[in-house]
Amino acid sequence: MSNLDLKPSPTLCGGREDVTARPVHELLPSKNVPLGESTVVRRLLPSIRRRMIGAWCFVDHYGPDDIADEPGMQVAPHPHMGLQTVSWLHDGEVLHRDSLGSLQTVRPKELGLMTSGRAIAHSEESPREHARLLHGAQLWVALPDAHRHTEPTWEHHAELPRVTHHGIDATVVLGELDGAASPGTAFTPIVGADVTLPAGASGRLPIEPDFEYAALTMSGEAEVDGVRLAPGSLLYLGCGRRELPLRADVDSSFMLLGGEPFEEHLVMWWNFVGRSHDEIAQAREDWMTGERFGEVRGYDGAPLAAPALPPVPLKPRGRAR
């Protein structure tokens, strides 16, 4: 999924300066962002109060939207660098195309994982004949320096491991949870899990005390560590817990996002994650001149043009000014 903001702000993120080493409850604000002709997403990360959660650096939640008479998601070809995209659906389907030649329909509770590495381009669209509802999340994971220039790849995993505790059912989307590991390739200690709680469920989910965590409510009103969350809410939880108390009065689900705090300082702008202004500027130029990112074939429409760079050079925190 692309950041379609015509004037995207640079985000300086990473490092341990903002990591909360103790358990906290910090509800992060959202921003409504139009995505294509008929989809509006709630952008929850990065926000003014929180830049990253582990290696997770971008979180959009959308739907459930009735798109029976709408085109649904229509995101034209666009580039990515230095990150992974995680596509996760509760309703509907999304057709993925990329410059590697991949063509895959991602359906509910299936993992679509794209590792951009040094450079990739892709598009995402609701198929011409699509389900009535569209509901899901799009997330990005920052790649550490040792892997950010890797060759781009696309993975699709229809079967994912599950963890169950006292009626709580968690699908492990990425990384590991309570000994269960996703088949998706991860480059940092991380977890992404889709947690389902039927009405009346109550229990505790084992988690890592050295990870920082957040909960993204997908549906219902899950109560996470005593905090009741409406759909589309992102609750930052900090670090220091060994288990997470959960309960629900109605059928509910949320995504548990966490990981070891990301130490490297980053610059994130538009669809790129880099380490300097020059890297970001070069990536933008390469996209606009048709270099490096490749071509997405089969999409009915022109690729997205890159916005203008901000006038002030981008410098990650922690660097000399």
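## Salt bridge E151–R118

E151 and R118 form a salt bridge, with 3.2 Å between the closest N and O atoms; the term requires a side-chain nitrogen of Lys or Arg within 4 Å of a carboxyl oxygen of Asp or Glu. E151 lies in the loop between strand 12 (133-142) and strand 13 (153-157), and R118 in the loop between strand 10 and strand 11 (120-125), so the pair ties together parts 33 residues apart in sequence. Strands are DSSP runs (E, at least two residues) numbered from the N terminus. R118 counts as partly exposed because its relative accessibility is 31%; buried means under 20% relative accessible area, exposed over 50%, and partly exposed in between (1.4 Å probe, protein chains only).

The model is predicted: local features need pLDDT of at least 70, side-chain atom pairs count only at pLDDT 80 or more, and totals for chains, interfaces and linings use all residues. Residues are numbered from 1 along each chain as its sequence is written, and side-chain values use heavy atoms, with hydrogens and water left out.

## Other salt bridges

The count of salt bridges comes to 20. In one of them, the side chains of E26 and R50 meet at 2.9 Å, N to O. This pair links distant parts of the chain, 24 residues apart: E26 is in strand 2 (residues 23-28), and R50 is in the loop between strand 4 (39-45) and strand 5 (56-66). Both E26 and R50 are buried.

E223 and R247 also form a salt bridge, at 3.5 Å from N to O. E223 lies in strand 20 (residues 223-224) and R247 in strand 23 (residues 243-247), so the pair ties together parts 24 residues apart in sequence. E223 counts as buried at 17% relative accessibility, whereas R247 is partly exposed, with a relative accessible area of 30%. A network of salt bridges links E221, E223, R228, R247 and D249.

## Strand 10

T115 is in strand 10 (residues 111-115) and is buried, with a relative accessible area of 1%. Its side chain is joined to that of Q84 by a polar contact of 3.0 Å; such a contact is a pair of N or O atoms within 3.5 Å, and within protein one must be able to donate a hydrogen and the other to accept it, while residues adjacent in sequence count only if both atoms are side-chain atoms.

L111 is also placed in strand 10 and is buried, with a relative accessible area of 0%.

Note on methods:
Helix = DSSP H or I, 4+ residues; strand = E, 2+ residues; numbered from the N terminus.
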